[in-house]
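Here is a quick tour of how one protein model is put together.

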Amino acid sequence: MAFDVEKVRAQYPALADGRAWLDGAAGTQVPQPVIDAVTDAYRVGMSNVGGPYASSRRAGGIVAEARAAVADLVGAPDPAGVVFGPSMTALTYRFAAVLADGWRPGDEVVVTQLDHDANVRPWIQHAQRAGATVRVAELDPATGELPAQRVTDLIGERTKLVAVTAASNVLGTMPDLRTITGRARQVGALSYVDGVQHCPHAHVRLAELGADFYATSAYKWAGPHLAAVVAGDPWSLENLHPDKLKPSPDTSPDRFELGTNPFAAMAGVVAAVEHLAGLDSDADGSRADRLAVSRRAVLAHEEALAGVLFDGIAALDGVVRYGAPRGRCTPTAFFGIPGAEPRQVAERLAERGLNVSHGHSYAWEAVHALGIGPQGGVRASLSHYTDESDVRRLLEALADLT
């Protein structure tokens, strides 16, 4: 492996401010190649697709390139199975509306307490309208884990859909997806996997996960905002017919995308995937091959830093970490200081040049299951551009606060 974190950091203009950016789970910073790709798309000029001139052809080319790049990133079998939207939340509501169209009273939907509310509320709301039953898999508040059996025990012959996260956005927990999605397929149910926090910290292969639909957001992996994706096999889209305008394309994936795509942001997506593929300087070959090498290097880097973070927090008597998964997890720590509001802690850390998140982070079911309520906690989340000095600064600041 040839992962040089200082060389990586040099590509991110925002990091030059000297702060420790420990809020990757809320959104990563953007490297210069992505900034250039977005601005270049505007500078050269774009028109809407379908026109007989160069600027229109450029827009169509960007869309095709973006689908292909994401397919490489997540291991989708075909770019035709990649649907774009403005956010994971918007896309999930879009898919919930079409997937719930055939639900009836007596049908069942499974959601979990580990998930971001964007992979809970849309399914609950549509199930309620259809008269379907919602079953909720409970996390273990002591460990922050979601044992696969707690999900599979809820899946039965009437289950239509299982919504489950690939990685918790606050606890970092990575459930045993293969067991869960495998059980869903046994009974003919679909699986909708939230990969927003998973994709930045994994080498994703949809076939290995067994997910029918996998959602991710580019701004969590060094890409621009307004570019989220749901990916799957093209056949999984063929029998789905979302509401659309009469003259809009009737082919998939286009029929799932409302209005005009954000072409400049999609150019940024292509650049972001290329950037991720080049994080290990020894990587060569196809983009998919380079991604495989670079993702392994990033994971090794993040796992080493996560060990420093987790061990350091455990050694602080005045800090309580919520959930400490024994299995593999993302480099994310969710914690609190007894007697101090999460916002106060985040503010004090911000004064020390440390960017961390606070609150429930939309993990609505999780914070209630943990017994801490909507005030939530403090979240420190590492990224591929985090270095050890960032983590040490956080631990020293927490020691001072306690």
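This is a predicted model: local features need pLDDT of at least 70, side-chain atom pairs count only at pLDDT 80 or more; totals for chains, interfaces and linings use all residues.

Strands here are DSSP E runs of at least two residues, helices are H or I runs of at least four, and both are numbered from the N terminus. Two strands pair if DSSP finds at least two bridges between them.

Residues are numbered from 1 along each chain as its sequence is written, and side-chain values use heavy atoms, with hydrogens and water left out.

Inside the sheet, strand E7 (residues 213-217) and strand E8 (residues 228-231) run antiparallel, paired over four bridges. In that pair, Tyr214 stands opposite Ala231 in E8. Contact means heavy atoms within 4.5 Å; angles run from 0 to 180 degrees between N-to-C directions, with axes fitted to C-alpha atoms, for helices over the stretch in contact.

## The four-stranded sheet

There is also an open sheet of four strands, antiparallel, ordered E9-E10-E13-E12. Its edge strands are E9 (320-321) and E12 (357-359), each with pairing on one side only. Strand E10 (residues 332-336) pairs antiparallel with strand E13 (residues 377-381) over four bridges, and Ala333 stands opposite Ala380 in E13. Helix H12 (residues 342-351) packs on this sheet and touches E12 and E13, its direction at about 165° to that of E12.

## Helices against H10

Helix H10 (residues 263-277) packs with helix H2 (residues 32-44), and its axis also comes within 8 Å of that of helix H3 (residues 54-74).

| Pair | Axis angle | Axis distance |
|---|---|---|
| H2 and H10 | about 150° | 8 Å apart |
| H3 and H10 | roughly 35° | within 8 Å |

The H2 and H10 crossing is right-handed, while that of H3 and H10 is left-handed. A crossing is left-handed if the near helix is turned anticlockwise from the far one by less than a right angle, and right-handed if clockwise.

On the H2 side, the contact with H10 includes Pro33, Val34 and Tyr42, and among its H10 residues are Ala264 and Gly268. By class, that contact has ten nonpolar, one polar and no charged residues. Ala, Val, Leu, Ile, Met, Phe, Trp, Tyr, Cys and Pro count as nonpolar, Asp, Glu, Lys and Arg as charged, and the others, Gly among them, as polar.

How many cavities of 30 Å³ or more does the structure hold? One. A cavity is a set of points on a 1 Å grid over the protein atoms alone where a 1.4 Å probe fits but cannot get out, and lining residues have an atom within 4 Å of a point. Grid points are joined across faces, edges and corners, and a volume is the space filled by probe spheres set on the points. The largest cavity holds about 90 Å³ of space. Of the 14 residues lining the largest cavity, Thr28, Pro200, His201, Lys220 and Ser383 are the closest to its centre. The lining divides into five nonpolar, six polar and three charged residues.

Note on methods: On a 1 Å grid over the protein atoms alone, a cavity is a set of points where a 1.4 Å probe fits but cannot get out, and a pocket is an open set with protein on both sides within 12 Å along at least five of seven lines; lining residues have an atom within 4 Å of a point.
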